[in-house]
Amino acid sequence: MDADQLFNLSGPIAMTGWALLAVSPLAPRVAQIASGIAIPVILSLAYTVLILVSWSDADGGFDSLANVMKLFDSPMVALAGWVHYLAFDLFVGAWVVRRARRDGVAHILVLPCLLLTFLFGPVGLLLFLAIRAARTLLAPRPIEA
Amino acid sequence: MTDAAFQPSRRAPVRRITLHPLFGAEPVLAGTGILIGLSLAVTAGAMVLDSRAFQGEDIWTKPIKFQVALAVYTLTLAFFARWLPQGMTKRRDYRLFAGLVVVAVLAETAWIGGAAMFGTASHFNVGTPFKDALYATMGVLAVMLTTASLVYGIAIGRNTASGLQPAMRLAIALGLVLTFVLTIPVAGYMASTAGHLVGTPALNARVPVMGWSLEVGDLRVAHFFATHALHFLPAAGLIAVSTTRGRTAGGPCLGCRDRVRRLYGVHLPAGAGGPAADADPLTPVRLTPTRLTPAPSQRPPCPRRCFRASSALATLHPRSRISPSARL
């Protein structure tokens with residue numbers, strides 16, 4: 001399989017995970033098993049394999065911005081980078097859903113966080129952490145023993 | 001951190017920072033304000049990284065100004081929400097209204113931030129059907145979010161059980177209502193013109209921070225004072241109530257009346273119809289007769305102005321030993 005085929009395959013896999021998270025109040029356990037473990041594991045395995053087979057061909061390194069950019073000149077390494085995003089973003093999305101359920105954050109507030117995590121990873125995480133911070137700040141002070 | 005296994009045995013209770021006493025009466029509006037406040041970190045970072053300018057200002061100045069203004073507005077409403085009629089914030093129609101206000105506030109923030117991101121104008125950006133529709137929608141949302149102050153002003157003004165002193169309640173209600181009544185025509189007129197300046201500046205001299213023109217007329221000055229009526233009037237009310245407490249609110253305290261009787265030979269009647277001279281103007285207390293005349297030993301030391309006020313009253317009394325002219 002070449003990089004393009006793998007890329008076309010990775011998208012729907014991740015999208016399945018995000019769709020499950022979006023409707024997770026209907027089936028919280030299924031969503032966590034699929035989007036919090038199974039799909040990130042599949043994507044992480046794919047990433048590991050891609051790095052194993054392509055790392056030796058790639059120029060560049062992690063020591064300068066120019067070298068990092070050079071790494072992504074290789075389609076296989078660029079694909080690995082993309083799969084890295086997909087895996088970690090979905091894992092964070094599942095964590096957001098899990099944490100929101102535990103803290104009692106309404107799902108309607110979680111949905112924009114998920115959308116932003118899906119599109120711009122850290123922005124969604126930031127929004128969720130900000131919502132949690134606001135909730136914590138406004139919670140009544142617990143009665144001190 | 002909340003794992004059952006990790007339970008520190010001897011640890012002082014965590015003193016968590018909480019804004020609940022300030023804004024807890026309306027967590028949805030308060031949460032919106034806090035979120036917008038936190039998002040200032042993002043726009044401030046963008047301002048540092050981004051060197052683009054728009055109409056002679058840093059392109060991120062306007063989003064930051066609006067974020068500050070909207071955070072202050074929502075937090076102010078959340079602060080005032082404690083004086084709404086009891087149970088109002090739980091009502092379904094109120095919740096729907098508050099939700100719409102929050103959506104309007106967030107949409108305005110996103111629109112102005114987005115315009116800066118794409119390096120274009122937010123207000124006065126018309127020309128294509130899409131831009132016209134967007135500008136009009138944002139106008140509707142701006143009116144929507146301003147109506148919150150009108151609703152709050154009327155509800156607090158009519159709430160006789162708010163526990164506020166009448167003067168304070170009037171100041172808060174008038175401030176809130178005036179924010180709506182004054183902002184709508186000013187902002188509406190601004191929107192109907194081509195820009196916020198009256199005239200064409202040559203030097204582009206501006207007021208620091210606010211960015212108002214120092215050369216020609218600037219409608220944003222009027223907008224600022226109109227919109228901040230909900231701060232200025234309650235502040236004026238608070239000052240008025242605090243400084244005139246001894247004279248207007250229940251009269252001078254027993255100790256000062258006693259001193260005045262000895263000095264001036266005038267017996268001042270105990271005040272009635274208002275709270276005690278030492279009452280905190282913002283403390284929501286039921287005004288019971290016992291509250292009006294507590295025993296002298298229970299009274300905290302009265303402020304100096306209490307004696308000054310009672311002296312002033314005594315000199316005006318027809319049977320006073322000291323006449324008003326001799327007072328000076």
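The axes of helices α5(B) and α6(B) come within 9 Å and cross at roughly 135°. Axes here are lines fitted to C-alpha atoms, for helices over the stretch in contact, with angles running from 0 to 180 degrees between N-to-C directions. The crossing is left-handed, that is, the near helix is turned anticlockwise from the far one by less than a right angle.

From α5(B), the contact is made by B:Phe97, B:Leu100, B:Val101, B:Ala104, B:Val105, B:Ala107, B:Glu108 and B:Trp111. From α6(B), residues in the contact include B:Met138, B:Leu141 and B:Leu145. Contact means C-beta atoms, placed from the backbone, within 7 Å. By class, these residues divide into 14 nonpolar, no polar and one charged. Ala, Val, Leu, Ile, Met, Phe, Trp, Tyr, Cys and Pro count as nonpolar, Asp, Glu, Lys and Arg as charged, and the others, Gly among them, as polar.

A note on the model: it is predicted, so to speak of local features needs pLDDT of at least 70, side-chain atom pairs count only at pLDDT 80 or more, and totals for chains, interfaces and linings use all residues. Residues are numbered from 1 along each chain as its sequence is written, and chains are lettered from A and ligands numbered from 1 in the order in which they are written.

Back to α5(B), residues 92-117. Helices are DSSP runs of H or I, at least four residues, and strands runs of E, at least two, numbered from the N terminus. This helix has 26 residues and reaches 37 Å from its first C-alpha to its last, close to the 38 Å expected at 1.5 Å a residue, where the expected span is 1.5 Å times one less than the number of residues. Its buried residues, among them B:Ala98, B:Thr109 and B:Ile112, pack against α2, α3, α4 and α6 of chain B. Buried means 20 or more other C-beta atoms within 10 Å; exposed means 12 or fewer, and partly exposed is in between. After the helix comes B:Gly119, with a positive phi near 65°.

For chain B overall, there are 14 helices and four strands, and 32% of its 328 residues count as buried.

Last, the interface: 12 residues of chain A are in contact with 14 residues of chain B. The chain A side has nine nonpolar, no polar and three charged residues.

Methods: Contact = placed C-beta atoms within 7 Å.
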